[in-house]
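Subject: Structure for your review, with notes

Dear colleague,

Please find below the structure that I am handing over to you, followed by my notes on what was found in it.

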Amino acid sequence: MALTTHPPLRLHARPPALAAAFHRPLRGLPPRRARLCRCADAGKAQAQARRAYPYDEIEPRWQAHWEERRTFRTPDIGEGLDTSKPKCYILDMFPYPSGAGLHVGHPLGYTATDILSRFKRMQGFNVLHPMGWDAFGLPAEQYAIQTGTHPKITTARNIDRFRTQLKSLGFSYDWDREISTTEPTYYKWTQRIFLQLLKRGLAYQAEVPVNWCPALGTVLANEEVIDGVSERGGYPVIRKPMRQWMLRITSYADRLLEDLDDLDWPESIKEMQRNWIGRSEGAELEFCAVDQEGHDLGAILTVYTTRPDTIFGATYLVVAPEHVSLPSLTSEGQRVHVEEYTEVAARKSELERTELQKEKTGVFSGSYAKNPATGEIIPIWVADYVLASYGTGAIMAVPAHDSRDHEFALKYELPIIKVVSPPNGNCDPEEAYADDGIMINSSSSSSGLNINGMLSQDAALKVTDWVESNGFGKKKVNYKLRDWLFARQRYWGEPFPLIYLDDTNEMVPLSENELPLSLPELDDFTPTGTGEPPLTKATDWVKTTDLLTGRPATRETSTMPQWAGSCWYYLRFMDPKNSSTLVDKAKESYWGPVDIYVGGAEHSVLHLLYARFWHKVLYDIGVVSTKEPFKCLINQGLILGEVEYTAYRDNEGRWISADSSSSLADCYQEKVSADKITKVGDHYVLKDDPNIRLNARAYKMSKSRGNVINPDDVVSEYGADSLRLYEMFMGPLRDSKTWSTGGIEGVHRFLGRTWRLVVGAPLPDGSYKDGTVATDDKPTFEQLRVLHKCIARVSEEIQETRFNTAISAMMEFVNAAYKWDTQPKSVIDSFVLLLAPFAPHLAEELWFRLGHSQSLAYEQFPEAKDEYLKESEVVLPVQINGKTRGTILVDKECSEDDAFEKAASDEKLSKYLDGKGIKKRIYVPGRILNVILDQQKAMT
């Protein structure tokens, strides 16, 4: 039954020249393309011979039809949307439109969401499946600086290319809802959300140490710094204090943590967020700073610890290089050494500093502290494995029970005192024991504190009570999560809707009717080199007037980070044209939350955490009706480049096997083409010399490796449906997979077989007759059984996102259907509907040829009927004298005599029975037939 009111189809075969015009391959392709799309001279003839069906005519025709009819447009509430139907909001993670365009790894997730969207539409759901662009950010700005092209121009060009590529793959996006974070009509609402954060005290300014990259002219997140250089460009990065805008995400730490339990997300992703938030319970302890003789220096050093029970084992303190009290704690004799050390530490990212495997470094401050529990004087050290941003920026070091402290103490010959004994008394004396146990060496007559013999947890509570009652500290809940640094010193981002009055420097937020505050046009957006943002160059824009008082003012010149626009875009898709509010309440209430959210695991923390934070703020102010934005999260795996084979030669040019006992470090590596290797067992070897084993490995696709496969090339040679089907058939959606050109040829042949099954063999000139070979015959019970088994499997596998096994089920159906004498139209109709979410162009063409006048996009998805799913036949093992000799196919209710008669007539089994006497038969219906021969009769 059709669920749409689209006008009848009027599709006519295009002349070959016109069809080709809709599907010309791109020019200027890199040499890598030679393996996929053959050279021009022989290419046409080979492609024609290899082409399994006329996809080059079918696909452009249906893409044009969908676009002209706006087939996948989702109407708004009040404009034709039937809200009595269930909804399904399916969303891809916002793509950044890079200049390189798509590679074949990108469509993996997009194809999965498209299959789910088409499937849900055919099940009667209202489906929201939009697409847009996360287009602000550093890459576009860097490209603009390098080429002199304004980022607005390159961004628009990149978006056009991405959109064209996505449309060429037949994705059923509602393009009427397309948005870009760079449009003022969009970031007007990003700015408004910021003002709400400011109003609620969740946005503030602070002097914080940041990763400053002079070459890029911006602050970088920790994840954007690798080994002291920027991830993009490899430029040096230093740590320096800067006044920045911050968002108080820590105020939502507990809610962000607790609400993870209710989400249908991969447990690994939820655990990563839990670790990132890092909630811990412990105590803040106060140590008095003293000199070497124990004289009070008038300073208190507060440390945070999750193990207050180990206070008697604290043999030194460590402060972060950025600790605010470090200058006053540093003695004159150590000042030069401390300053040199802090300068080196400033060039490292927090990720580098906290890496467990790295060698610990530090320097003595020249000062000491008094342990309040023992009364002993212990040294204060400076080390970069302690961060100013975590806890108090200072720790009490307990080397006997912390691996980092233990490594540090061994290196600098600091005391190690064991205060926790394992319950069984066994532990490695050379290693730190970090678990709970029984307290030892933990009493002091001077302080009056004694926790000897207590369990660690009980001792921790007693120590906390003791420090609170004696004024040495307090109980404390801490988080690894830091407030979100929400400013970048760059041009291509959302401007902050703020001004500063020139006479008082008072910060004044813009009124909402002054939004959007648009980016000014700048010809020179290069870094200033001083830390001042590029927007300071837009003097006419920077200098303004406060509309309320008329006083002269200066605009904020930092911009928001790229994360800002992607924190709430899923809401704008619900109501993209609304100029009066961020999202209409009725639309948000119907469509929210996102039901299925698909994207890479690399966004497991930052994007997802930031979006959840903003969503909870919007929930608190009544903009949204749900506590969480994304109900179900699916992470698709990577598609790796084709396997690369590496051989080794020594200095003499002789081959060296990869499993040789000789060192391969001194050998030369040489790539070997696939046609020169063969597989022996689990290994690859040279065809010409099987004794030479090679290394075989697939790498992540990158331009530098030259292993990027352009989807345009694949579509040109095999068609979009083949690419879609292959990416789903490669393996489970969530697993990483290796690209293989041979693999796509296999699914292309399957689609060709499907085409010929329905349309028939080609005519002598290579064309196909109109219509199909389907008949009006009533399907047999066996045909219906095969169909409904396929329906049941495909339906279940789509629902569970096991797309590869759904495709296998359809392949099995086609194999079975080729053995039939006729192809009943009712059966073929249903199969074409099963195929539609996976290969929509081919399915639409076959549907049209089968005589239907409407697109199948809203046809009801077939439902399996139980009466055809019951197995009427079983495979029955047949034993001769207790040894299995073969199997026969029999009815479930088959009698013993009928089973024996079928076994006796079986070609393989008859040789064991002909001329033999039968002593007895053992028959268990549906399970086994065992024939015991009479050996005496057999001998006579």
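R693 is partly exposed, with a relative accessible area of 25% (buried is under 20% relative accessible area, exposed over 50% and partly exposed in between, with a 1.4 Å probe and protein chains only). Its side chain meets that of D659 in a salt bridge, at 3.5 Å from N to O, a salt bridge being a side-chain nitrogen of Lys or Arg within 4 Å of a carboxyl oxygen of Asp or Glu. Because R693 lies in strand β30 (residues 693-697) and D659 in the loop between β26 (655-656) and β27 (668-672), the pair ties together parts that are 34 residues apart in sequence; D659 is itself partly exposed, at 44%. Helices (H or I, at least four residues) and strands (E, at least two) are DSSP runs, numbered from the N terminus.

Before going further, please keep in mind that this is a predicted model, in which local features need pLDDT of at least 70 and side-chain atom pairs count only at pLDDT 80 or more, while totals for chains, interfaces and linings use all residues. Residues are numbered from 1 along each chain as its sequence is written, and side-chain values use heavy atoms, with hydrogens and water left out. The mean pLDDT of the chain (the predictor's confidence in each residue, from 0 to 100) is 90, and 93% of the residues reach 70 or more. Over residues 1-46, however, the pLDDT is below 50, although this stretch has 75 contacts in the model beyond near neighbours in sequence, where contact means heavy atoms within 4.5 Å. Where pLDDT is low, the predicted coordinates should not be read in detail.

To return to the salt bridges, the structure holds 47 of them. One joins the side chains of D261 and R274 at 3.2 Å, N to O; D261 sits in the loop between α8 (253-258) and α9 (267-277), and R274, 13 residues away, in helix α9. D261 is exposed, with a relative accessible area of 53%. Another salt bridge, of 2.9 Å from N to O, is formed by the side chains of E782 and R785, which both lie in helix α23 (residues 781-799), three residues apart, or about one turn of the helix. In this pair E782 is partly exposed at 37%, whereas R785 counts as buried at 12% relative accessibility. Salt bridges that share partners also join D76, D174, R177, D575 and K587 into one network.

Leaving aside residues up to four places away in sequence, M810 touches F750, C790, V794, F831, L834, L835 and F838.

Finally, P422 is found in the loop between β14 (420-421) and β15 (438-439) and is buried, with a relative accessible area of 5%. Not counting residues up to four places away in sequence, P422 touches C427 and Y433.
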